[in-house]
Amino acid sequence: MGRPTSTRWGRAATVAVTVVCLAYAPIAMTELWPYASPGAPAPGEWILGRSVSPEFVAEAVRDRMGPYGRSLLPLIVHSVLGGLLMLLGPVQLLSAVRRRIRLHRITGTVFAVTVYASMAGAALYLVRTPPERAFSGAAFWIVLATILVGTVGSVTFGVLAAVRGFPDLHQRWLLLCYGFLMTAPLLRLEWGFLPSLYPGLGILDVNRVAIMHLGSLVAFGALLASRALDRRDTVPGLTGTWCPAPVQAAAHLAGAAGLVWITAAFLDGGTAGRRLLVAYLVPYAVTYAVVAARAVRAGGHWAREEWRLHLAALCLAPAFSAVTVPVLERSMGLDRPTAMIAGVGIGGGMLAYAAVTVVSLRVLHARELLKRRQAFADLPTRPAEGVTATPATATEGRQA
């Protein structure tokens, strides 16, 4: 592990993430104050009202008033602590890169506890609010629930990896965790950007467009950061591949079938469907191009293996979404358009989470294999059948 391989790009990405986090922290901490005390300062609403329109802000407030009113205190806790996490994230990244071990451990403990507390507030809101009555509807509720589970799961695996002495896995899981947390500020950026791209689009439709790609993009960012910080050519004990050519071919075929099905389904949805399809396909194509190119051009065995595993997961994401849609329809009683939006919205993030899981298992398998080889090498040499080993022979066997 070490500093980013490309210093210029690594610094630019670090600065960009830090700026977004620092700018969003006060917005997150004060976002829900007006719901508890009308007229309270809300810089996020002030900025949005001037970048989009006062009517857009009024619609967002009106749509959130009912759902949020039933769980206002847990949501305030979630929002305030979420702002704190925006500040702790850059500290964690910079302390890890600069190897400030003591600072990293202290802030890491605070970060993990804060994640659990913040997500508990969000969980109370989701439990108390029926999906169809949630802000922006059932599809948004499903995506939020999926991000919550992914955030809690990734921070948990990250903590366990640190405790067990696996810094490389710890780093991957915590970067994924922070990627999921970054969906909040990135969604607010899309609130300010998408209405200019689609004039007249309301908050409900803006959220639907945003969830088509947010989960996938933040997971992609976490992958780029993980690979930039990992300069190893190989992992001890790593041999062969878990993603040979037949597996890659099968994943591409399944992904192509899923993409065809998603494209046809969205095209049947008229203008709104085509808008959602563009919001999904363009980021997906860019992500695929980058991951596929890295998988082909990777120099070291370990880098090539990780890129291939993530490429296979990325290919399977559309197929997973296509299979998920009828499941959501039957299990939650959703109509087809809502199930489509939810299924496509969670596919990329869930398969990226699965890819990090497989990468972790790949590393653990390599280390277990290395441990068994070492244990076998340390065994004393057994004498041939019918031959009694002399003390000298026995001693030489133990040394071998």
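Analyst: A charge sits over a ring if NZ of Lys or CZ of Arg is within 6 Å of the ring centre and within 35 degrees of the ring normal. Keep in mind that this is a predicted model.

User: Which Arg lies over the face of Phe-135, and at what distance from the ring centre?

Analyst: That is Arg-64, at 5.6 Å from the ring centre of Phe-135. A second case is Arg-275, whose charged end sits over the ring of Tyr-198, 5.6 Å from its centre.

User: How many aromatic pairs does a search of the whole structure find?

Analyst: It finds 8. In one of them, the planes of Tyr-35 and Tyr-68 are at 55° and the ring centres 6.0 Å apart, so the pair is tilted.

User: Where in the chain are those two, Tyr-35 and Tyr-68?

Analyst: Tyr-35 is in helix H2 (residues 33-36) and Tyr-68 in helix H4 (residues 54-69), so to speak distant parts of the chain, 33 residues apart. Tyr-35 and Tyr-68 are both buried.

User: And how do the rings of Tyr-68 and Phe-135 sit?

Analyst: That pair is edge-to-face, because the planes are at 70°, with the centres 6.0 Å apart. Phe-135 lies in the loop between helix H6 (101-128) and helix H7 (137-163) while Tyr-68 lies in helix H4, so the pair ties together parts 67 residues apart in sequence.

User: Are Tyr-68 and Phe-135 buried or exposed?

Analyst: Both are buried. They belong to one aromatic cluster, formed by Tyr-35, Tyr-68, Tyr-125, Phe-135 and Phe-140.

User: Switching to cavities. How many are there of 30 Å³ or more?

Analyst: The structure holds 3 of that volume.

User: What about the second largest cavity?

Analyst: About 70 Å³ of space lies there. Its lining includes Arg-172, Glu-306 and His-310. The residues lining the second largest cavity divide into 6 nonpolar, 2 polar and 2 charged.

User: Which helix gives the largest share of that lining of the second largest cavity?

Analyst: H11, with 4 residues. Helix H8 (167-181), H14 and H15 are also among those that supply at least two each.

Note on methods. Residues numbered from 1 in each chain as written. Predicted model: local features only at pLDDT ≥ 70, side-chain atom pairs only at ≥ 80, totals over all residues. Heavy atoms only, no water. 1 Å grid on protein atoms, 1.4 Å probe; cavity = no way out; pocket = protein on both sides within 12 Å on 5 of 7 lines; lining within 4 Å. Points joined across faces, edges and corners; volume = space filled by probe spheres on them. Nonpolar A, V, L, I, M, F, W, Y, C, P; charged D, E, K, R; others polar. Phe/Tyr/Trp six-rings, centres within 6.5 Å; stacked < 30°, edge-to-face > 60°. Buried < 20%, exposed > 50% of the residue type's maximum accessible area, 1.4 Å probe, protein only.
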